[in-house]
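Below are a few remarks on the model you sent. They are meant to be read with the structure open.

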Amino acid sequence: MRNWKIAMITAAALGLSACTQQEVNSGAREVGRETNEAGREIKEGSKSVAKTTGKVAHEVAVETKDAAQKLGSGLKQAGKEMKEGWKEAQAESKKP
């Protein structure tokens, strides 16, 4: 009879611990899912920010390229005018 009581108590303890373990596992899975979902949201958010940053960087590059081309054209024109002025001054200095 005594062994039977010990066996029943042991079986009950194991049964209760098994239920508790299932609850712990279930809770851990739920936390894992929530963490995974939060990670996905952060990843999507960072992709969106990175995409926007890339677009802005591209626009800046295009604007910089346009400005550089305009500046280059202006410098080229200034160079031509300087050369014309040089030739005129050279021609004037040769006249007696």
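**Notes on the model**

1. Glu-84 is found in helix α1, which covers residues 2-94. The model is a predicted one, and its chain has one helix and zero strands.

2. Of the 96 residues in the chain, 0% count as buried. The accessible surface of the chain comes to about 8900 Å², and carbon and sulfur atoms account for 61% of that area.

3. Glu-84 also belongs to a surface patch of negative charge.

4. How many salt bridges does the count come to? The count comes to one salt bridge. Its partners are Arg-33 and Glu-30, whose side chains meet with an N to O distance of 3.4 Å. This pair is within the 4 Å cut-off for such a contact.

5. Both partners, Arg-33 and Glu-30, lie in helix α1. They are three residues apart, about one turn of the helix.

How values were computed
Residues numbered from 1 in each chain as written. Predicted model: local features only at pLDDT ≥ 70, side-chain atom pairs only at ≥ 80, totals over all residues. Heavy atoms only, no water. Helix = DSSP H or I, 4+ residues; strand = E, 2+ residues; numbered from the N terminus. Buried < 20%, exposed > 50% of the residue type's maximum accessible area, 1.4 Å probe, protein only. Areas by Shrake-Rupley, 256 points an atom, 1.4 Å probe, with all protein chains shown as cover. Patch = residues over 30% accessible without salt bridge, like charges linked within 9 Å, V, L, I, M, F, W, Y side chains within 5 Å. Lys, Arg positive; Asp, Glu negative; His and termini not counted. Charge placed at Lys NZ, Arg CZ, Asp CG, Glu CD.
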